[in-house]
Amino acid sequence: MASEWQDSDVQYDVSAGYWVRDGIEVTRQTTVASLVPAGFEAYGRVLQPVETVDDGGYERWLRWADVARVTGAIVHPSMELETMLKFRLRP
């Protein structure tokens, strides 16, 4: 696999993706509808792992549920990482 783009990699005919353009609503940029086309019964969220460094200097990756458990936040479909991190850490 080449590490750089080649001219042959560029797709000039993007008509196969018009359904995405046509399904996106004109709405606030902070909503799912501004990024994902309409027509799905449900949407999934991909929650990126949270990188932390322990006392020994070792990198550690946590799931959002782990962060919620440590901070006392409640896991729910609309949870936001920034909000969870504002919770007080449990002693």
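What follows is a walk through the predicted model, from the whole chain down to a few side chains. Since this is a predicted model, local features need pLDDT of at least 70 and side-chain atom pairs count only at pLDDT 80 or more, while totals for chains, interfaces and linings use all residues. Residues are numbered from 1 along each chain as its sequence is written, and side-chain values use heavy atoms, with hydrogens and water left out.

Confidence comes as pLDDT, the predictor's score for each residue from 0 to 100. The protein chain averages 81, and 89% of its residues reach 70 or more. Helices (H or I, at least four residues) and strands (E, at least two) are DSSP runs, numbered from the N terminus. On that basis the protein chain has three helices and two strands, in the order α-β-β-α-α from the N terminus on. Helix H1 (residues 18-23) gets the lowest confidence, at a mean of 82, and strand E2 (residues 59-62) the highest, at 92. Where pLDDT is low, the predicted coordinates should not be read in detail.

Of the 91 residues in the protein chain, 15% count as buried. The accessible surface (Shrake-Rupley method, 1.4 Å probe; for residues, only the protein chains shown count as cover) comes to about 8,400 Å², and 55% of it belongs to carbon and sulfur atoms. As for contacts (heavy atoms within 4.5 Å), residues 24 or more positions apart account for 10% of those with a separation of 6 or more.

Asp 66 counts as buried because its relative accessible area is 15%. Its side chain also makes a polar contact with that of Arg 69, at 3.2 Å. A polar contact here is a pair of N or O atoms within 3.5 Å; within protein, one must be able to donate a hydrogen and the other to accept it, and residues adjacent in sequence count only if both atoms are side-chain atoms. Thr 71, also in H2, has a relative accessibility of 6%, so it counts as buried. The side chain of Thr 71 reaches the backbone nitrogen of Ala 73 at 3.4 Å.

Over in strand E1 sits Glu 51, partly exposed because its relative accessible area is 43%. Leaving aside residues up to four places away in sequence, Glu 51 touches Glu 59, Arg 60 and Trp 61. Glu 51 and Trp 61 are 10 residues apart along the chain, with their C-alpha atoms separated by 4.6 Å.

Helix H1 contains Arg 21, which counts as exposed because its relative accessibility is 52%. The charged end of Arg 21 sits over the ring of Tyr 18, 4.3 Å from its centre; the rule asks for NZ of Lys or CZ of Arg within 6 Å of the ring centre and within 35 degrees of the ring normal. Arg 21 also joins Asp 22 through a side-chain polar contact of 3.0 Å. Pro 37 is 16 residues from Arg 21 in sequence, and 7.2 Å from it in space, C-alpha to C-alpha.

Definitions and conventions: Buried means under 20% relative accessible area, exposed over 50%, partly exposed in between (1.4 Å probe, protein chains only).
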